[in-house]
Each structure stands twice: as structure tokens, then as C-alpha cells.
Amino acid sequence: MDGAPRRVLAGRYRLEGRLGQGGMGTVWRAVDLLLDRSVAVKEVLVDAGSGHAERAERRERVLREARTAARLTHPRIVVVHDVVEEDGRPWIVMELVEGRSLAEALHEEGPLSPRDAARVGAELAAALAAAHAGGVLHRDVKPGNVLLEAGTGRVVLTDFGIARPVDGTTLTSTGQLVGSLEYMAPERMSGGREEDPASDLWSLGVLLWAAVTGDASPFRRNSVAAVLHAVALQPLVLPETAGELMPLLARLLDRDTTARPDAAEAERELRAVAEERGSGARAGAAAAARPAPAPPETPPAGPPATEQSGPGLRGPAGPRRRRRGLTVVLAAAGALALAGAGAGAVLMTEGRGGGHLPASTTPASRTAASPTVTAPAPASASPFPSASPSASASTGFHQVEDPRGFALDVPDGFTRSDEPPRVFYYSAGRRFRLGIMTKNPAPADGPLAEMRAEAAAADGPHGAYPGYRGGTVTATEHRGDPAALWEFTWNGDGDGPRHTLDLSWSHGGTQYDVWVSAPLAQADAGRRYYTAAERSFTPG
């Protein structure tokens, strides 16, 4: 502690050094002087300017965390030893897990293989099964709250700071959500239903996604509103790096809570994947996920080998469950509360330096190319899969070399129309529209500034999109180049409401733009077309 006298709490616990700090607390390494053992001590940080009610709420939350965790006995759940009060604040004394968090491991060593991710996931599912059997919801399952013990490979679920009993009451204000938004289940953002264990299973699914892609939640965005929209409504394309985890991942990330497995079932399925021998399982899963060709007006199922059925998850043709509608309440004050909750979620992070991934856990190579998903740094995380262009088109698509000098995959049955400044490829009746535009030289302000300017003018009297609404412009990248993605809904041009995606990026002094518009009721198909075009586009 920087040479300062080491503080002793309650005459027993001597603080040795800081392990980590989150929005609501600091975790210290300490020594239990009575039993002569190392422990972790969690200090709650209370803003000196906060009111009495807020301080009382935080104190009660810490006490509840201690009570909640102490009532759970499981080798995959952190052990709570004691709670002491010092200077009017409670401190939780816990088991010290020597190692690092899963988030740190993914950041430092890259994604896990499907089997190793399944092993970690199975241990977490076992912990959740024990918590749910004890009537406790965790509500903040994420890589930062999973510790990997060095030397033993033990996986430990930590931080029950926002957990609550199923029959308990919430300590937050009415309408306020707590937790990490990009790992939060959609039903927690909607009105009209109580939370249940299925919400933790969704979060486990997002964690598994992050594990096989390299610490990149599919819902990571640059604003609270964009995250909420993505979690509640945006369809997902499963990452090919999930391999044999794809079927289970599709079920965990089903927006219909009744379609998700419970924790015990998830544990069984994850252990089956973790213990699989040979490499045939991944090829079999990929082959099973590959859809058959479809007629031109039926949305093709590509890209292949990355999709599973389920609301919000695109997959091969077959019976589908009815999508459960979600009403997301996003008043301005609510959005601010969510932003504060997301930033203030209690984190428990272990010390950096020292420790390795759990025994038998071998991270997938950082340099291995993924054909469908990249895991860029958080500041530029792309909302959609991206990959290097492939030599052959996906099933249901064909590759075209456009006279303007670029190449890309176009859905079968689409026809070309040159309408400067864009080249369009249309489905029959122009229900689906794919447009490409190039600008040389690229505008000096870059794609993000240009997209924002277009979005600002979209709903004006001379805007190109009548009835423009729900627009978001996201800073991202395309194969390492600066890019911007504009997503919005509008009234269409006489054929009903439409959903549109517009990606623009600069490369080699030229600005490229891929634009896809689809009937709002068939936005999933439009997103498939967008993904195929963005993945396969090759400049001239």
C-alpha cells in the first residue's frame, strides 16, 4: 500500500494491497491475522456528496451481497467468510482466488476454443444451477465476474452485489436497471414480467459468445440507446468460431425465455461439448447449420455454417417459434439511469500478473483467421460480422464483378441497375435493394462525419427518407479502416415501412458505401444480404 501503514479492520484483517476496483467498490488483498490466511476484502465506495438514502442503500446492498453469497455453498461460487463494519461502512471478507478474471484472460490471450469455452461454461452453469436452486438470481454474469484460479483451473463465479432472491425485493429505484447492459437479457429491459432464472442463462450465452470470439459481446455499442436496441431487437448471426457450441448458443440467446434451457440442462450440454473427442463434432455442427438453396424471392440462408433457428437468430428454413414481442421503455430519464447503472455495476476483478488459463484450457490462436467474426478492440467493435472476402459465394448467392470495378456476393435472382451515384441490385419487384457507391477522392471529413450529417438531414423537408425514425450512427471499422454504420427505419416510397443499413468506409483514398434496404417485416433477410455484401466486397 505504497509504504503507508497497513490498515487493520476490526482488529483482524490487515489490508495488503489493492486487487481491483469497480464502479461501487475496491477489492483488497488482506491477511486474516487470527487464522493466518490470505483473504479478499471488498470495500464499498460511497461518494462523500451522496445523500443519506443512497449511503443506506449501498450499505444494505453490501450486506445483502454477503447474505446472498453466504447462503450458497458450491465450489464454483466464491466463499464469504465474514462481514465487518468500519467507519460506518460494511466490508465483505471473502475467499481469495489467486488468478485473474476471464475478461483479463480473453484480453491477454485471445478467444477460447469451443471445447475450452464449454468447460468454463459448464462450471458456471453448475454455479448458476446451485444459485437458482437456492432461490437466488445472479443478474450480472459476465467475463469480469468469473475468476480463473491459477494452478487448479477452478472456475469461480463472483460478485453477487446485484443478485437478489427470486422472492426478494429490488433495492434500486422504480424503473432503474442494474447490471452490465451488453450482457443483460432483453426481458429485463421490457415491462410486464418478473425476472426469472432464464435471464441468467441469456447472460451465460453472451459470455460464451465473448469467450469464443475474444471478449467481444455481440451487443457492444457506443451508446446506451444503441445497446438497448441491439439487445431487444437486433437479429444475431452466430459466430462460426462457436463450432459445436452453436446449437446451445442459439437456445441460450433465444428472446423467448421459455425456449432457453435451464442451468442444469445447459451444464449437461456444455459438458458433452467439453468432453467431446476428435474434431468431427465441429464439422458436423457446421454442416447441420448449412441451409439448402432457396428460390430468389425466398431470402437465401447465407452466410452458411453460422446460423441457428430461434427468434432473433437467423438459421436454416424450418419451423420457427413465434417471436415474443418486447416493449422497451426508454424515457430520457430512464436512459440516464441505465447509463449510470451500467457504469456503476459492482465489479470484482482479480490482480493482474501471475496465473494462467485453467488447466486444459488452451486459447485459440490469436492469428487464426475467422471467416465470419472479428474481435476488434472495444472502442471500434463492429456491430456486425466481418471477414476477408472469400473466393466463392455462399449458398443462395453468386459473386458478381461489377463494371464499375468492384466485386461482391449478390443474392440469386437479383438484377443490376446503374443509377448514379449508386449501382443497385434489386430483387423481383424491388422489395430488397442492395446499393453500392464509391467516392474518389474520399471526403476529407471521413465516413463518420458524413453519415452523421446525412442522418441529421434525413427527416427534414428535403430528406431522402420520409418518416425517418429510430436512426443510429455507430463508429466502427471495416477490415481495419475507419467506418460508420447507419441503421434506421423509414416509411418507404409507397411500398410500406422499410429497414435500412448503410455502411461507409475509407480505403486507399476512396470512400465505399454498401447500402441495403428491406421491407420492415423482412428486416432479418435484409440483414443477411447486408452481411453477405459487407463480407465479400472487394474494391477494384
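**A guided conversation**

Guide: Let us begin with Lys42, which is buried, with a relative accessible area of 3%. Buried means under 20% relative accessible area, exposed means over 50%, and partly exposed lies in between, with a 1.4 Å probe and protein chains only.

Visitor: What kind of model is this?
Guide: This is a predicted model, in which local features need pLDDT of at least 70, side-chain atom pairs count only at pLDDT 80 or more, and totals for chains, interfaces and linings use all residues. Residues are numbered from 1 along each chain as its sequence is written, and side-chain values use heavy atoms, leaving out hydrogens and water.

Visitor: Back to Lys42, then. Where is it found?
Guide: Lys42 is found in strand 4, residues 37–44. Helices (H or I, at least four residues) and strands (E, at least two) are DSSP runs, numbered from the N terminus.

Visitor: And what does UniProt list Lys42 for?
Guide: The unreviewed UniProt entry lists Lys42 under "binding site". UniProt positions are given in the numbering used here, feature names are shortened, and annotations may be inferred rather than shown by experiment.

Visitor: What sits in the loop between strand 3 and strand 4?
Guide: Asp36 is found there. Asp36 has a positive phi of about 55° although it is not a glycine.

Visitor: Buried or exposed, that Asp36?
Guide: Asp36 is exposed, with a relative accessible area of 65%.

Visitor: Let me step back. How many helices and strands are in the protein chain?
Guide: The protein chain has 11 helices and 20 strands. Of its 540 residues, 55% count as buried.

Visitor: Which strands form the open sheet of three?
Guide: The order is 7-9-10, with antiparallel pairing. Two strands pair if DSSP finds at least two bridges between them.

Visitor: Why is one side of strand 7 and of strand 10 left without a neighbour in the sheet?
Guide: Strand 7 (99–101) and strand 10 (155–157) stand at the edges, and each has a single partner strand, so one side of each has no neighbour in the sheet. Neighbouring strands of this sheet are turned by 25° against each other on average, direction ignored.

Visitor: How many bridges join strand 9 to strand 10?
Guide: Three bridges join strand 9 (residues 146–149) to strand 10. Leu148 stands opposite Val155 in strand 10.

Visitor: Which helices pack on the sheet?
Guide: Helix 2 (residues 102–109) packs on the sheet, touching strand 7 and strand 9, and its direction makes about 90° with that of strand 7. Helix 3 (residues 114–133) also packs on the sheet, touching strand 9 and strand 10, and its direction makes about 40° with that of strand 10. Contact means heavy atoms within 4.5 Å. Axes are lines fitted to C-alpha atoms, for helices over the stretch in contact, and angles run from 0 to 180 degrees between N-to-C directions.

Visitor: What comes just after helix 4?
Guide: Gly214 follows, with a positive phi of about 105°.

Visitor: Changing topic: which strands does strand 18 run antiparallel to?
Guide: Eight bridges join strand 17 (residues 469–478) to strand 18 in the antiparallel sense. Eight bridges also join strand 18 to strand 19 (residues 498–507), again antiparallel. Ala483 in strand 18 is the bridge partner of Thr476, and Ala483 stands opposite Trp505 in strand 19.

Visitor: How covered is strand 18?
Guide: Strand 18 (residues 481–490) is mostly covered, with nine of its 10 residues buried.

Visitor: What lies in the turn between strand 17 and strand 18?
Guide: The two strands form a hairpin with two residues between them, and Arg479 in the turn has a positive phi of about 50°.

Visitor: Last topic. Which peptide bonds are cis?
Guide: The bond from Pro420 to Pro421 is cis, with omega near 10°, and Pro421 lies in the loop between strand 14 (415–419) and strand 15 (422–426). The bond from Asn440 to Pro441 is also cis, with omega near 5°.
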